[in-house]
Amino acid sequence: MLAAAQQGSEAAFTRLWLDANPALLRYLRVIAPETAEDAAAETWVQVVRGLRRFRGDEAAWRAWLFTTARRRVIDASRRRSRRREEPLHDAPAEALPVTADAADEAMERLGTQSAIALLSQLPRLQAEVILLRVLAGLDTNAVARLLGRSPGAVRIAGHRGLRRLAEILSRAGVTL
Amino acid sequence: MTGGGVSGNDMPSLPWTARQDASPVEDTPLESLLAGNGLPAGAGAELRPVADVLAALTALPAGDELTGLAAARAAFSRRVAGPAQVRQSRRWRSLGLVSRLGVRVGAAAALVVMGFGGAAAAAYAGALPTSWQQFAHRTIGAPAHGAPHDSRAVTGAAGSAAHRPGSRHRAHQALPGGLSARHASLHHTRSPFDAGPPPARPFVHLVRPPIVPGVGRWPSPWRYTFHWPARTEQLGPDASVSNAGSMRGVS
């Protein structure tokens with residue numbers, strides 16, 4: 001499919017887009033909720049621009065796609081550098097804002113939007129690791145390369161993120 | 001009292017464990033969740049909502065997640081599909097030889113062309129060895145070996161040199177029979193006021209008028225002197241020798 005798209009097959013590219021864009025958009029809605037759609041569109045423009053030069057398998061394709069998206073987000077945030085965000089990597093779970101809306105929504109219907117809203121409450125690194133591993137299907141090493149972290153740091157961040165998510169859900173009363 | 005000299009009251013026994021972030025949740029089910037394998041059997045109940053969240057995260061796409069397809073396809077058509085057709089036609093039109101035969105063959109062909117060009121220039125300059133010069137003389141009309149230098153004047157080197165404004169001196173030296181270019185030009189050139197086309201002459205088609213932007217500033221006789229080869233019918237015997245010299249290369 002990827003080779004066919006590289007040869008110019010629009011049908012193959014459509015299949016690739018349908019397969020990857022929902023996950024890409026969900027990832028972007030967590031790490032850049034305000035500009036997710038724009039970032040996704042810019043990502044696909046970049047991907048189309050370099051599609052013929054891409055070499056690699058399916059995992060490499062997914063890593064390339066999400067790396068491109070992440071760089072688009074970073075570029076956009078640099079352009080809007082006047083708005084400074086505080087890093088939340090080491091914030092304790094108790095200090096995280098737990099919106100009642102997200103918890104209520106998660107209790108009512110555990111849909112995709114609710115899951116995105118819950119993951120948005122995690123620190124950025126933990127949320128990214130979870131999203132890249134679950135949504136993009138990347139292994140620890142690939143995520144480590146993508147994020148510029150060590151595999152150990154990525155593994156720890158993923159585990160901490162899941163634990164923190166369990167705490168948020170337990171405090172919100174989501175028990176199934 | 002402790003061994004360090006500090007009273008026991010000053011060393012409160014804190015209920016901290018060695019690992020502050022230690023959790024009752026083990027790493028194995030977490031890793032299984034992150035790998036997309038779901039919750040393993042025997043995992044704690046506190047991880048079940050987390051597994052449901054991750055499952056909801058990978059649910060089927062909703063409608064608003066598929067709205068950018070048209071724009072992406074348009075970009076794809078412009079960048080990948082469109083240029084592919086252009087590239088294909090361009091390949092057939094102009095790059096087919098290179099793409100089929102390869103870059104090496106193309107480079108070899110370019111070298112051959114450059115070699116022949118250099119050899120032809122050397123032949124017209126009379127710089128080739130005797131046998132090669134004779135071969136060039138027979139094939140491409142280069143001057144024969146041992147021919148006087150001025151015999152090449154009209155056909156090649158001097159002929160082209162005479163068409164450059166800055167090479168009057170060379171043209172002066174090149175004309176045969178001791179006839180200077182300036183002297184010859186007074187007799188050879190047509191007057192700009194002559195009517196009718198110039199008569200047919202050999203090798204006229206080999207000499208093109210130069211593209212000189214400021215040609216209009218030149219005096220008219222000079223223009224015609226340097227734009228057209230010498231006319232033989234007004235020169236008499238010397239001029240016929242001149243053209244005979246040029247014809248030697250062809251005959």
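Begin at the boundary of chain A and chain B in this predicted model: across it, the rule finds 12 residue pairs in polar contact, with both partners at pLDDT 80 or more. Next, select the elements of chain A that supply two or more residues to the side touching chain B: helices H1 (2-6), H2 (10-31), H3 (36-49), H6 (112-119), H7 (124-134) and H9 (151-172). Of these, H2(A) gives the most, with 10 residues. Colouring that side of chain A by residue class shows 25 nonpolar, 12 polar and nine charged residues.

In total, 46 residues of chain A are in contact with 39 residues of chain B. The two chains bury about 3,700 Å² between them, and carbon and sulfur atoms account for 66% of that area.

Turn now to the charged pairs. The count of salt bridges between chain A and chain B is six. To inspect a salt bridge, select A:Glu10 and B:Arg73, whose side chains meet at 3.1 Å, N to O.

The last stop is helix H5 of chain B, residues 130-139. Display B:Gln133, B:Ala136 and B:His137, which are buried. These residues lie on the same side of H5(B), because they cover an arc of only 105° around the axis. Finally, select B:Gly141, which follows H5(B) and has a positive phi, near 80°.

Terms used. Residues numbered from 1 in each chain as written. Chains lettered and ligands numbered in written order. Predicted model: local features only at pLDDT ≥ 70, side-chain atom pairs only at ≥ 80, totals over all residues. Heavy atoms only, no water. Contact = heavy atoms within 4.5 Å. Buried area = accessible area lost by both parts, 1.4 Å probe. Salt bridge = Lys/Arg side-chain N within 4 Å of Asp/Glu carboxyl O. Polar contact = N/O pair within 3.5 Å; in protein donor to acceptor, adjacent residues only side chain to side chain. Helix = DSSP H or I, 4+ residues; strand = E, 2+ residues; numbered from the N terminus. Nonpolar A, V, L, I, M, F, W, Y, C, P; charged D, E, K, R; others polar. Buried < 20%, exposed > 50% of the residue type's maximum accessible area, 1.4 Å probe, protein only. Arc of directions from axis to C-beta.
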